Amino acid sequence: MKITGKKIINLSCLFLFSAFVGISFKTGFIPGQKIGNNFISFSLEMLKILPCAFVLIGIFEVWVKKEKVEKHLGKSSGFMAYIWMVLFAGTTVGGLYVAFPVAYSLHSKGAKLGAVFTYIAASGICRVPMTLFEASFMGIKFSVIRLVVSIPLVILSSMILGHYLEKKDYRLTTVE
Amino acid sequence: MYYVYLFTLAVVLISFCKDRNKTYKALKISWKKFSVILPAFAIMLILVSIILYLIPDSMIVEFLGNNNKTAGTIIASLFGSITLMPGFIAYPLCGILLKKGVSYMVLAAFSTTLMMVGFVTFPIEKTYFGTKVTIMRNCISFLIALIVAVAVGAFYGELL
């Protein structure tokens, strides 16, 4: 791995943050302790989900053929691509932070940008377990209205954004 | 949550039985992808922990509860955009707010921006999709959330 300027900035951020939290616990600085506790509980929450997500991404990259993804989700695929993406997003666990790496893998396997953006937005708003949970607190009517209004808007805006970027020959940066 | 582990385990086992080398390769890819994005995740976690300290639940309750609907909706959408909460914290909070008399429109703005717009996830999204696309996607999501909020308000008769 190369050591780049960005990495140094990241590492120094981490170092400063842990120093700040460490000193806060030593000196009894309450805000620093609270921030530290937040950090730990969120890290644990994420560490529960991320390993599964990345293992599944790895398996997906190895087994699923590019032609297959291209056929169903690629540039020549029709409207069904967006429906598939909404349904697939429904099964996503976690939230946006899980959706980004999955979306990136889908795109590198040939899914069109519009489908990828649909997946990201839909994994924010129509994850099935989350929606059921929402309905139990807010009422079914609330969830239904929210889904019925947002899904068409998500698909429409993703189509437009995807077409716009593909017309400009936009390429994703390769994450290495 | 356990189902996710079981599912992952089952998938890995099936893959292993079918082709051992491919599975090793897959796990290698997993690890590489994970380690590449890890710094961005760390930055996100730092941002979340600081923002959640600066904007505690009590502050959200206070701000959303005491405003007129237009201001409430806008404030709610801003809160939702800059914070990040798992659903199992966010919806009980919305439930409390609902009982306190906060309108459905305000809560729709809050929960939808919470799930779709990510200020703290910016470091991660930027790594994969670039700064420009990240900003565009988040702006579009913010607009969609506002439209959803207004639609919810209309259905519950809160607009007039």
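Reply: This predicted model holds 17 aromatic pairs over all chains. Phe79(A) and Tyr82(A) make one of them, and their pair is tilted, with 5.9 Å centre to centre and 45° between the planes. Rings of Phe, Tyr and Trp (its six-membered ring) pair if their centres lie within 6.5 Å; planes under 30 degrees apart count as stacked, over 60 as edge-to-face, and the rest as tilted. Phe79(A) is partly exposed, at 47% relative accessible area. Tyr82(A) is buried, at 4%. Here buried means under 20% relative accessible area, exposed over 50%, and partly exposed in between (1.4 Å probe, protein chains only).

Next, Phe88(A) and Tyr119(A). This pair is stacked, because the ring centres are 5.2 Å apart and the planes stand at 25°. Phe88(A) sits in helix α4 (residues 80-90) of chain A and Tyr119(A) in helix α6 of chain A, so the pair ties together parts that are 31 residues apart in sequence. Phe88(A) is partly exposed, at 36%. Tyr119(A) is buried, at 1%.

Phe100(A), Tyr104(A), Phe117(A), Tyr128(B) and Phe129(B) are joined by ring pairs into a cluster.

A word on conventions. Residues count from 1 along each chain as its sequence is written, while chains are lettered from A and ligands numbered from 1 in the order written. Local features need pLDDT of at least 70, side-chain atom pairs count only at pLDDT 80 or more, totals for chains, interfaces and linings use all residues, and side-chain values use heavy atoms, without hydrogens and water.

Now the charged pairs. Over all chains there are four salt bridges, each a side-chain nitrogen of Lys or Arg within 4 Å of a carboxyl oxygen of Asp or Glu. Within chain A, Glu45(A) meets Lys48(A) at 3.6 Å, N to O. The two are three residues apart in helix α2 of chain A, which means a separation of about one helical turn. Lys48(A) is partly exposed, at 39%.

Within chain B, Arg137(B) bridges to Glu125(B), with the closest N and O atoms 2.4 Å apart. Arg137(B) lies in helix α8 (residues 131-155) of chain B and Glu125(B) in helix α7 (residues 122-129) of chain B, so the pair ties together parts that are twelve residues apart in sequence. Both count as buried: Arg137(B) at 4%, Glu125(B) at 1%.

Between chain A and chain B the count is one salt bridge. Glu61(A) and Lys33(B) form it, at 3.6 Å between the closest N and O atoms. Glu61(A) is in helix α2 of chain A and Lys33(B) in helix α2 (residues 20-54) of chain B, so the pair joins two chains. Helices are DSSP runs (H or I, at least four residues), numbered from the N terminus. Glu61(A) is buried, at 18%; Lys33(B) is partly exposed, at 22%.

Finally, the interface around that bridge. In all, 65 residues of chain A are in contact with 71 residues of chain B, contact being heavy atoms within 4.5 Å. The buried area is about 6400 Å², and carbon and sulfur atoms give 82% of it. That is the accessible area (1.4 Å probe) lost by two parts on being put together, summed over both.
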